[in-house]
Amino acid sequence: MAKTPTVYDVAEHAGVSIATVSRVLRLPDAVRPATRDRVHAAIAALGYVPSGSARGLAERRTGVLGLYFPGFDAVDEVLDFDALAGDATPAPPFTVVREPEDAAGPEDAQGSMLFMDEVLRGAELEAWRQGFVLMVGVGRDDPVRSTVRDMAGRVDGLVVLASSVPDDELDHLAQRIPVVVLSGPAHGDRFDHVTVSNTEAMAELTRHVLARTGGRAPAYVAGPADSPDSAERWTGFARAVADAGIAIDEVRVLRGDFTRASGRRVADELRASGLPPALMSSNDQMALGALDGFRDAGIRVPEDLVVTGFDGIDAAAHASPRLTTVRQPMIELGRAAVQVLARRLEDRDAAPMSVRLPVEIVLRASSLPPA
């Protein structure tokens, strides 16, 4: 087996110092183009690959950032790979299912992940731009096996979704590495925070709905009780309702879990108890589930009631009718979180940062007068 080339081999081949090779790899703009080209030619000729572990030992860094969010979709059945690879009768390579034309889409728990899919894309892009590798952890933490604790020992800093990790656990982790909390406002803690204008946007959207329905109280479906985003959106909704002279006890408040299936259950409950003039949801997935349930029951949106969501996921633009929502800058949330984390790594003693990104209210057919 050929000897693995080292940085010393590259320096000798290019006729430069080891320090110059290091600058080319880490700060290429600081090196003259001719020298930079010579070093890159040597790297290509030798097949040299920088050693992340060696660099990490020298700099006391891993070059890896962590992004942790909870597992919304618990896996109850595990595929038996031993049976697949053994002598058992093999399963057919495919099956064919004829689905009715009017069948609703799958109500899987993974619908809740659509928000995090976009955040993850943004975090990956920014980590690459900053010269880091991104490690992603998904899990439901328990005292026996803590995914986030395992990650903390392998990364330089960590981005966590608000409320996905207990505050005392975050306090413990923050003694070792920087922590950025995503989608949760600061509340006197020492973490950096990146969030969006939840309260203001939901208040404005509520004013739009009230104008559309003649000032009659809409129903509201909140998210999980421990979700900071859900709490901020409720604050905006309640503020706009109060400003309109509506007592909050006149509002029918239901609770879901941010999944499409819970939104369908809300639709069934409202259908059984009497339709409100509007249903405002604290996320898109629940609003889309409600649209599914109303459509199956022959209830027209927006003719019979107005429906709105919050997040701006792609499915909202393709719903029938297209869903009025608040579009979050999901990719930018991921990018901002990584930017804040990278900045924190350069200055561990700076005061905690709080970044709030603007959002966009998108009015569509589900809340507009029929054409």
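Gly-223, setting aside neighbours within four places in sequence, is in contact (heavy atoms within 4.5 Å) with Ser-230, Arg-255, Gly-256, Phe-258, Ser-282 and Met-286. The model is predicted: local features need pLDDT of at least 70 and side-chain atom pairs count only at pLDDT 80 or more, while totals for chains, interfaces and linings use all residues. Residues are numbered from 1 along each chain as its sequence is written, and side-chain values use heavy atoms, leaving out hydrogens and water.

**Gly-223**
- Gly-223 lies in the loop between β6 (219-222) and α10 (228-243); helices (H or I, at least four residues) and strands (E, at least two) are DSSP runs, numbered from the N terminus.
- Gly-223 has a relative accessible area of 0% and is therefore buried (under 20% relative accessible area, 1.4 Å probe, protein chains only).
- Ser-282 is 59 residues from Gly-223 in sequence, with 6.1 Å between their C-alpha atoms.

- Beyond its neighbours within four places in sequence, Val-307 is in contact with residues including Leu-279, Phe-294, Leu-323 and Ser-366.

**Helices α11 and α12**
- Helix α11 (residues 260-273) packs against helix α12 (residues 284-296) at an angle of about 45°, their axes (lines fitted to C-alpha atoms over the stretch in contact) being 6 Å apart.
- Residues that meet include Arg-260 and Leu-270 in α11, and Met-286 and Phe-294 in α12.

Methods: Axes fitted to C-alpha atoms, helices over the stretch in contact; angles between N-to-C directions. Buried < 20%, exposed > 50% of the residue type's maximum accessible area, 1.4 Å probe, protein only.
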